[in-house]
Structure formats: C-alpha cells, structure tokens
Amino acid sequence: MNDERLFDNYLRKELTADETKEFKHRLGEEPAFAREFLAYVHETGLMVQVASRMERVAPEAGSTATPRAEQTSWVGAGRWRRDGRRSSRVLWPAAAACLLAAAGGALIFGLRNGPEDRLLAGELRATRQGQTISMKAGERIETGDRIEAASVATCLLRDGSVVKLDRGSRVVLRPRARGERGHLALEEGRMFLRAAKARGKLVISGEKEEVEILGTVFGVAKMEAGLSVSVFRGQVVVRSTAGEIEIGNGQSAQAAGSAKPTLTDTDPNQALLWARETTEFRHRPLGEVADWIEANSSLTFDIPQPLRAEIVSITISEDPMRTVVRSVCLACGLKCDIAGTVVTIRR
Amino acid sequence: MRSAFRHQDALIGYAYGILRDWALAEDAVQESLIVVQRKWEQFSPGSSMYAWVRQIVRYECLDARRTAQRLAPMEEQELTGLVDSAFEQYADDETAERVLERKAALRECMEKADERSRTLILRFYRDRWPFEKLAAWTGRSSSALRVNLLRIRRSLRDCIEKQLAVGGCGP
C-alpha cells in the first residue's frame, strides 16, 4: 500500500488489522518511514489550519449539486453563517459547549509583566489608540482594545477564563471597575466563555444589558436589540435596566434594553455548531459516543450495558445534538427517546 | 514565552498525530500553553523550548485521550505510543521551525491553487466533510476522490518546495 494512504488511514482511524501491523513495524524499524509520517502529520495539520483561515468559497460554476451541509447547516440555529456575517433575520442566540478547561486561579504571564490578557489561537484585528493591528497567537491584548475576530479566535483572560470568539465578532476590553476581574463589551457577533474560578465579577455587557458570570461555561450573542445568553454549565445573572434573572444549566435568556430579561427555549447544546467543529467516531462503541456527548452537552444517557458495546460510525458536525443522537440510534437500529435532557436507548 | 507560542503549529501537529481528532488536539495544545504560562519558571534556559512544551502537550494528550476514549483498546494505545516515540526520536526544534516556514508557503500555494482544487481542500480540511459526502457532492467515487485529494496535496507540496527554494516565504 502507498505510504501516504497508510498515513491517512492512521489519521482517520481506518487502519485494518494488516495495515496496523505494517504501520507499527515500519514506524519502529524504518527511520525514513517515521520521518515521512511525521512530515505528513504536520502537513495535514497545516492544511487544516491554513484552510480554516480561508474564506468560504462559492460552489463551483456549473455545479448543480448543492452540498447537503449548505442546505442544512444552521437550520434551527440558522441565521448565522459560519463566515461570520449576519443574515437579515434575527441572530442565532449563542449557546455554550465545552471548549477547554481554564486553569484555576490567576495565571502568571511572563515574569515581569504579571497577568495579562492574551490571544491563544486564531487571528484578531485590534484597534488600539486609533491604529489597527493584526494580532497573532501569543500576543497581548490591552485594556481598551477593540478586537475583531478575523477567524474563530481563543483568548485567555488574566483571571484564567477562556473566551472563544466566532469569526467576525467584535469585543471591547473595558477597564475593570471596582470589584470586577474582567469586563468585555460585546458589540457584534457571539462569544463562548469558560470562566475561571476566581474572586471578583466577570462581566459581559451589551449596550444596556449585562451578564454577570458566577463561574460557568456559557455563550452570549449580540442581538439586533440586546443580548442572548445560553448556559451550558453553572450560573449567570442576566441584567437589563428593568431587572435581572439568574439562569443555570441548560437554560437560555434574552435581555434587551429597558425590558426585563426573559427565559427563552434555546438549546445550549446547539453551541457545538460553532464552538466545536466536526468530531468523527468511526467504528467506535456506542458507549464511547454517548460518553463524549455527555461530556460535551447537558444530555445524559440511559443505555443498557450490552448495548454500550454496539459499534457505530457517526460524524457529529453542524447538526443539533438531538439530531445527532437520533442518527446514532437510527444507525444502530435502536429505539431512542429524548425526554428533556435524558436520552433513553433501548433495543 | 513567545517562542512557546511560535511552535504552536508544530505542537498541534504533534497532538493531532497522537489524538487523531483536530478539536481535541487544538484543545490539548491550548491547555498546554496555559500550563506553560504557569510553569514558565521551570524552563531551563538553553534547553529546547519545543521539546519542553511538547512534553507538556504529551500529558495533556494523555488526559484528553483518557477522557475521550475511555474504551479504547490496548492495541490503540500501543499504536499511539509508537507514534509518540517517533516524534520523540525524530522531531526537534528544527522540525518545528520547518513547520512554521511551510505554513507560510502553503498559504501562498493554496491561494494560487485552481478553484476546483481549492474548493475540495476547503471542503475536506476546513469544513471537515467526510469522503462520502464530498464524493456525493462531486459525483465521484470515494476512492477516486481520495486519490484526487492526495494528488492535490502532492502538487501543493511541490509548490511549497519551490517557494522555499526561491526563498519566497518567511515564517
């Protein structure tokens, strides 16, 4: 077999038993093969990274087939396209997904400067004192910067909180008021935040609304009027000039100007649509898929032990998590009931 | 500290080689960079920054794998252990620098690629369409499509080599 295909099969977790044997043997015994493999892995990584920074392309001229993803992507969540531009309709209320664990407590950035806000991954354009600066991973974000995500960008705040901005989203790092450990003003787009446990308030504000974080994983989207908030885990207080509401696990709320914040029926699981891209499970046990979904959503599974070993192949991508769960059941020929956040699977 | 971030692309490549899941690999590296900032004082000046950070990434990958693949068979663990050893043996600071150079060159080559190839690359690597879906979209068989993608990669590789040979791209 062609070496590249072997490498590719390894990365796609599709090596057959014979190929696994060959791959293992050659990796251990042939330095040239090992070096080529490493180069291939790095190259694949670069392909993903460079491609991810490129703008969405129009379907080829003359192509009659419409890609399924473009027919269905953002259905339900809809109204927000991955290229970061808003449609004329209402913005999709952002929700949350598990991004990455923020380090507990305050972080030390560099020995001289003390804690700082930094760009961890992705690309940002910052407007600082009237000048526009392109920022790359590792660079410092300063208080007062107006940052716009040129790609999906992840920032690490000085308190250890991690913020993921969708492409095209715009945020200002406001000076911290007394008692605040961080203050972000969301001017456009949506953000996903995993707050670190630390003293002081962490605040996300809109024009007249604000969200105070009490230690949580959640998402906020700027609406034409106000903010939409979805909590994946933990609790937040959503506040407008007319009052406030506290929301927790699996809940969403909307706040607009002088109206009192209200609960909405947005499913926070849908945050996976933008915050986490495609995850593939190829020939994996159903139990593993269920564990992954549980770890990344508010759903819990009730599956008899023997069924957990059932082998399934599924790609979790831009569909709402409930659709994904139904697909898993369908693929296995199983009966699947979703009541609230509990998924019961039976044969 | 900046040099830890400088090697981010190579580190993600390493994490991807171990985890074979792009989202997990990115998360593992981001987690590691948080750890790096906390443990910065433990780095010995003069030693390899890339090797030091990669070791941290390695622990994050093991953690991520434990969480994501609790049911992974021993065979799988042995396989990724071998891949890890290959990185340990053959990937060094120079490798990480090369990744950086190649990234700049690849960006230029992707821009120059014909529309059809670029579309396929974007659908596959950025939008993560599976072969089956991409095959249905293009009206080709999965295996023909796979060959096509490998060919495109080869031509991009040639383009990168040419770019680097003429010194067209810097990191």
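This is a predicted model: local features need pLDDT of at least 70, side-chain atom pairs count only at pLDDT 80 or more; totals for chains, interfaces and linings use all residues.
## Aromatic rings that pair up

Two rings of Phe, Tyr or Trp (its six-membered ring) make a pair if their centres lie within 6.5 Å; planes under 30 degrees apart count as stacked, over 60 as edge-to-face and the rest as tilted. Over all chains, a search of the whole structure turns up 13 aromatic pairs. Take A:Phe23 and A:Phe33: their ring centres are 6.1 Å apart and their planes are at 70 degrees, so this pair is edge-to-face.

A:Phe23 belongs to helix α2 (residues 17–29) of chain A and A:Phe33 to helix α3 (residues 31–52) of chain A, so the pair ties together parts ten residues apart in sequence. Helices here are DSSP runs of H or I with at least four residues, numbered from the N terminus. Are A:Phe23 and A:Phe33 buried or exposed? Both are buried (under 20% relative accessible area, with exposed over 50% and partly exposed in between, using a 1.4 Å probe and protein chains only).

## A buried threonine

Now look at B:Thr80, in helix α5 (residues 74–90) of chain B. B:Thr80 counts as buried because its relative accessibility is 2%. Leaving out residues up to four places away in sequence, B:Thr80 touches A:Tyr10, B:Ile18, B:Arg20 and B:Arg65; contact means heavy atoms within 4.5 Å.

## How to read the model

Residues are numbered from 1 along each chain as its sequence is written, while chains are lettered from A and ligands numbered from 1 in the order in which they are written. Local features need pLDDT of at least 70, side-chain atom pairs count only at pLDDT 80 or more, and totals for chains, interfaces and linings use all residues, while side-chain values use heavy atoms, with hydrogens and water left out.

Note on methods:
Helices (H or I, at least four residues) and strands (E, at least two) are DSSP runs, numbered from the N terminus.
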